[in-house]
Amino acid sequence: MKIKLDWQEPWQLGDFTDEGNYHDNLDLNDISEEAGIYIFYRQFGDTQQCLYVGQAINLRSRLKQQFKYLDLMKHLKNSKKGGKYLVFATLKTRSQNINHALNQAERGLIMEFMDEGKHDLFNKIGLYEHYDLVESIGENIQPLINQELWVYSK
């Protein structure tokens, strides 16, 4: 399956204060109602750090929900110094299974950010829930066979 993500310009989020929140200065109605992927991140100088990767059948509706998700907003607020941003992409695929395409795109981005090891991801817990762990034990079989393999189970 071929999956394309059409990324839009990042939106800088407002300051998180007791009187307001990150989206007070944004018109959320400008967000597409299409399926897609979104990323909350911080930027300090030239450094960008992913804080959250999500998926949505309806980007506008989902992002409105996310701005009310207190644990996520607290994670954004308490992240290291720097401006907070939201970037989102609409999903482009010929597949009839939009949910599968979204899952693959979200999982791929999270895995990439985890492999880089420099991101403070809020939603990496449960990432491997759709994977089965195959462990090889016994005689030393390396380097031919890895001792642990993660295999996508869906």
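Among contacts in the protein chain between residues at least 6 apart in sequence, 64% join residues at least 24 apart, a contact being defined as heavy atoms within 4.5 Å. The structure is a predicted model, in which local features need pLDDT of at least 70 and side-chain atom pairs count only at pLDDT 80 or more, whereas totals for chains, interfaces and linings use all residues. Residues are numbered from 1 along each chain as its sequence is written, and side-chain values use heavy atoms, with hydrogens and water left out.

The protein chain has 3 helices and 7 strands, and along the sequence these follow the pattern β-β-β-β-α-α-β-α-β-β; helices (H or I, at least four residues) and strands (E, at least two) are DSSP runs, numbered from the N terminus. Of the 154 residues of the protein chain, 36% count as buried, where buried means under 20% relative accessible area, exposed means over 50%, and partly exposed lies in between (1.4 Å probe, protein chains only). The accessible surface of the protein chain comes to about 9900 Å², of which 45% belongs to carbon and sulfur atoms; accessible areas come from the Shrake-Rupley method with a 1.4 Å probe, and for residues only the protein chains shown count as cover.

Strand S3 was examined together with its partners. Because 7 of the 9 residues of S3 are buried, this strand is largely enclosed by the rest of the structure, and S4 is likewise mostly covered, with 7 of its 10 residues buried. S3 and S4 pair in the antiparallel sense over 9 bridges, two strands being taken to pair if DSSP finds at least two bridges between them. Within this pairing, Gln43 stands opposite Gln48 in S4, and Phe44 stands opposite Thr47 in S4. The hairpin of S3 and S4 has 2 residues between the strands, and in this hairpin Gly45 takes a positive phi near 65 degrees. S3 also pairs with S5 in the antiparallel sense, over 8 bridges, and the bridge partner of Ile37 in S5 is Ala89.

Helix H2 (residues 70-78) carries the buried residues Leu72, Met73, His75 and Leu76. These cover an arc of only 155 degrees around the axis, which puts them on the same side of H2; the arc is that of the directions from the helix axis to the C-beta atoms. An α-helix has 3.6 residues a turn, so residues three or four places apart point the same way. On the other side of H2, Leu70, Lys74 and Asn78 are exposed, while the buried residues of H2 pack against strand S3 (36-44), strand S4 (47-56), helix H1 (59-66) and strand S5 (83-93). Lys77, which also has its place in helix H2, counts as partly exposed at 39% relative accessibility. Lys77 and Asp15 are 62 residues apart in sequence and 8.4 Å apart in space, C-alpha to C-alpha.

The structure holds 8 aromatic pairs, for which rings of Phe, Tyr and Trp (its six-membered ring) pair if their centres lie within 6.5 Å, with planes under 30 degrees apart counted as stacked, over 60 as edge-to-face and the rest as tilted. One of these is the edge-to-face pair of Trp11 and Phe88, at 5.6 Å centre to centre and 75 degrees between the planes. This pair links distant parts of the chain, since Trp11 is in strand S2 (residues 11-12) and Phe88 in strand S5, 77 residues apart; Trp11 and Phe88 are both buried. Phe40 and Phe67 form a further edge-to-face pair, at 5.7 Å centre to centre and 90 degrees between the planes. Here Phe40 in strand S3 is joined to Phe67 in the loop between H1 and H2, 27 residues apart, and both Phe40 and Phe67 are buried. Ring pairs link Tyr38, Phe40, Tyr52, Phe67, Tyr69 and Phe122 into a cluster.

The largest nonpolar core has 18 residues, and those with the most contacts inside it are Tyr38, Phe40, Phe67, Leu86 and Phe88; a nonpolar core is a set of buried Ala, Val, Leu, Ile, Met, Phe, Trp, Tyr and Cys residues joined through side-chain atoms within 4.5 Å. The elements that give two or more residues to this core are S3, S4, H1, H2 and S5. A second, separate core of 15 residues includes Ile39, Val53, Leu91 and Ile110.
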